[in-house]
Amino acid sequence: MTAVTLPSAARTGGSRDLAGTGTLLRLALRRDRLMIPAWVVLLGLTVVSMSGALEKLYDTPAKRADVASSMTGNGSLRALYGPVFSDSLGGLTAWRIGGIAALLAGVMSLLIVVRHTREEEETGRQELLSAAMVGRRAPLTAALLAAFVADAALALLIAAGLAGAGQPAGGALALGLAVGGTGLVFAGLAAITAQLTESARAAKGLAGAVLGAAFVLRAAGDAATEDASSPLTWASPVGWAEQLRAFAVERWWVLLLFLAGTAVTVGAAYALTARRDLGMSFLPARPGPARAPASLNGATGLAWRLQRTTLFGWAAGFLAAGAVFGGIIDGASDLVGDNEQARQIFERMGGRQGLSEAFISALTGMLGMVAAIYAAGAVLRLRGEETGDRAEPVLAGAVGRLRWAAGHLAVAFLGTALILLLGGLGLGLTYGLTTGDVSGQLGPTVDAALAQVPAVWTLTGLAVLLVGALPKAAVGTWAVVGGCLGIGWVGPAVQLPQWVMNLSPFSHLPKLPGGEATAAPFLWLLALTAVFVTAGLTALRRRDIG
């Protein structure tokens, strides 16, 4: 794309570089008037409600002290949730939900920033806006301010909600700032990836990879030490959230890490945006060969070409994550002994079979829920191709709508099975190596990972239905996937009502390995997937494109 010549008021330095920021911010908040409140309210209320749920589960100081001691002494659970720094009700709340809330705040922030920066450039809307009195740094500033509004609102809701529920105000404020601060750091990282890549999808993928690496670093560090003193934990922004130690002896100076991390990433993003033309990137796509390969002759080959890089990234990430978590499974039964509280937590996580098997079941279930994020993104690529006016040239040829959609759906459905297979392989291999029984552990672990596929496919089918029948509401796929992730992560610990648990397709799967498996739940989920996909493709054939 050729460079855009900005008006003189936008070309000059100083405050004129920010001309139009207020208008762009109002536009961004209007466009996100549903997404931001949904993220903030659902995530904030989940954190606040955790306090009440834990109070019912551990209603005496003795019970809370018992569970805190058990969880801190177990490396496997520390890898998932982090160490427990206080056996108070607030301390247990921060332990159980603080890390996942910080992680999801990062996801929320990167989606907001990329949407209002690289996605605007990719669709050509930013070029139209820049023809007016819009400063060079105004779009990036507006996007970062929109993320700041969302993170600040989330921090305020968590702090006010927990304080209103009777928790110490200092601890409630610390937890809120830890969650919101993590979101701000990843907003800055997303601003950098938006400058580096040519597409919004690549920017989200790169920022998501950094987010996943931060979680793995935090998990590995916490598994190695009981007091979160590992350098790996300190190297992760997700680890900074727990280092603040909400409801324990708060380390307020850790907030300086969030400020420094945000300042560095935002400063780097501003430096990068000043050195590129609108629509350009620092990591441009490599020029293709002079003649297209035979694989690009059809719509399926094009879909594979568009999505293969993302799939390879997810596959590598699942293999690495499986390898990391597989190495800590062997410690699942250590230090539990006859501790009934710890045993009950394991059983709610993964079933009533042996402790190691229950932990494997919990880990593969987590992989399945994360795989649903990949599947949703792969399906929503259809909508992105449509709104970016790239679908019409394809459909103008001898390509039907179903054939065009089939390529992307094949990548979504088959790619899900592939990444779960690799996640199970990584999990089973490292667990087998630590126990000296690779042949005995690999098969059941891979089976447990692949058992998640029907549930992921059900959510994938629902995404197809939304894209086909309700395209403007297709973004709601993220809310559905996030809701299922919350139910699966929080529900077993707080003992949500069964009807709530049943809303997630993952709740209907057998607890493998070791649990009793029947064909019925798999067949029902596959049948529901077929209904969703059929209805979605039927609607896609009948509605207008664009």
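Is Ala228 buried or exposed at 1% relative accessibility? Ala228 counts as buried, because its relative accessibility is 1% and buried means under 20% relative accessible area, with exposed over 50% and partly exposed in between (1.4 Å probe, protein chains only). The structure is a predicted model, in which local features need pLDDT of at least 70 and side-chain atom pairs count only at pLDDT 80 or more, while totals for chains, interfaces and linings use all residues. Residues are numbered from 1 along each chain as its sequence is written, and side-chain values use heavy atoms, with hydrogens and water left out.

Ala228 lies in the loop between helix 11 and helix 12 (231-234); helices are DSSP runs (H or I, at least four residues) numbered from the N terminus. Although Ala228 is not a glycine, its phi is positive, about 60 degrees. Phe247 also has a positive phi, near 70 degrees, and is found in the loop between helix 13 (237-243) and helix 14 (255-273). Phe247 counts as buried, at 9% relative accessibility. Most residues other than glycine have a negative phi, and most peptide bonds are trans. The peptide bond from Leu512 to Pro513 is cis, with omega near 0 degrees, and Pro513 is placed in the loop between helix 23 (498-501) and helix 24 (519-542).

Helix 6 (residues 89-115) packs against helix 10 (residues 169-196) at an angle of about 30 degrees, with the axes 7 Å apart. Axes are lines fitted to C-alpha atoms, for helices over the stretch in contact, and angles run from 0 to 180 degrees between N-to-C directions. Residues making the contact (heavy atoms within 4.5 Å) include Ala94, Gly98 and Gly106 of helix 6 and Leu175, Gly183 and Phe186 of helix 10. The contact residues comprise 14 nonpolar, five polar and no charged; Ala, Val, Leu, Ile, Met, Phe, Trp, Tyr, Cys and Pro count as nonpolar, Asp, Glu, Lys and Arg as charged, and the others, Gly among them, as polar.

Beyond four places in sequence, the contacts of Leu175 include Ala94, Gly98, Ile158 and Phe247. Leu175 is also one of the residues that touch the most other members of the largest nonpolar core, which has 139 residues. Such a core is a set of buried Ala, Val, Leu, Ile, Met, Phe, Trp, Tyr and Cys residues joined through side-chain atoms within 4.5 Å. Helix 6 supplies the largest share of this core, 17 residues.

Leu211, in helix 11 (residues 200-224), counts as buried at 6% relative accessibility. Outside its sequence neighbours up to four places away, Leu211 touches Leu103, Gly106, Val107, Leu110 and Phe186.

Note on methods:
Helices (H or I, at least four residues) and strands (E, at least two) are DSSP runs, numbered from the N terminus.
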